[in-house]
Amino acid sequence: MNTQQEIKIVTADPSAIGLFGLAITTFLASTVKLGWTDSLSLVIPWAILLGGFAQIFAAALEAKLNNTFGMTAFGAYGFFWLAVGSCWLIQLGVFGPTLQAAADSTQFGVAFLGYLFLTIFLTIGALETNKVLFTDFALIIVLFVSLTLSSFGIAKPFMSAVAGWSELLIALLSFYAAGAAVLNKHFGFEFLPVGKPFGIIKKPA
């Protein structure tokens, strides 16, 4: 008699590597906006490999866990950094003078505005995850507002500074969230607190 044996595949929590990818990239990018470092040249590899590929890798694993929220967040921001890294390469003339000369930086603002819309929805979802993640997304809203306005030439120096400081705070919070994801899972209890969900959004009876 043939019997079917159910095989349960256990997938590790991918949020830590995704959050670390976000953290290291925003950390580096913030230093340029704040004038602590010069040029984007050596930021680009980190943006592509950590901001892009690490988050996309996390998104693929979140999909296996049937986590639409995590898959969307890591996937969207992962592809964001791949696109931004590619745009930086164009601005630096890597793909030739024709593309460099034709680059219109206000188009960044349109893309940032689109990501602002997505981030607002993700922030609403983060209300029912934990307080650290919610705060992270709230800061990303501030980042995209400032990046959008800066790209459109509105209060550019001030908005660029706001973007730099918000990126720095996002990085620090994401480092903490990544550490919490690793250690809380490793120890089997909440070693680093992340805060309970707000409990605001409830499923209708």
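This is a predicted model: local features need pLDDT of at least 70, side-chain atom pairs count only at pLDDT 80 or more; totals for chains, interfaces and linings use all residues.
1. Basis. Local features require pLDDT of at least 70 and side-chain atom pairs pLDDT 80 or more, while totals for chains, interfaces and linings use all residues. Residues are numbered from 1 along each chain as its sequence is written, and side-chain values use heavy atoms, with hydrogens and water left out.

2. Overall fold. The chain has seven helices and zero strands (DSSP runs numbered from the N terminus: helices are H or I of at least four residues, strands E of at least two). The C-alpha trace spans about 70 × 45 × 35 Å along its principal axes.

3. Helix α1. With 19 residues, α1 reaches 27 Å from its first C-alpha to its last, close to the 27 Å expected at 1.5 Å a residue (1.5 Å times one less than the number of residues). After α1 comes G35, whose phi is positive, near 80°.

4. Helices α5 and α6. The axes of α5 (residues 106-126) and α6 come within 8 Å and cross at roughly 160° (lines fitted to C-alpha atoms over the stretch in contact, with angles from 0 to 180 degrees between N-to-C directions). The two helices are therefore roughly antiparallel (an angle over 145 degrees).

5. Cavity. The count comes to one cavity of 30 Å³ or more, and the largest cavity has a volume of about 70 Å³. A cavity is a set of points on a 1 Å grid over the protein atoms alone where a 1.4 Å probe fits but cannot get out; lining residues have an atom within 4 Å of a point. Volume is the space filled by probe spheres set on the points, which are joined across faces, edges and corners.

6. Lining. L22, T26, Y77, F80, W81, I140, L143, F144 and I170 line the largest cavity. The elements giving two or more residues to this lining are α1 (15-33), α3 (68-91) and α6 (131-151).

Methods. On a 1 Å grid over the protein atoms alone, a cavity is a set of points where a 1.4 Å probe fits but cannot get out, and a pocket is an open set with protein on both sides within 12 Å along at least five of seven lines; lining residues have an atom within 4 Å of a point. Angles under 35 degrees count as roughly parallel, over 145 as roughly antiparallel, 65 to 115 as roughly perpendicular and the rest as oblique.
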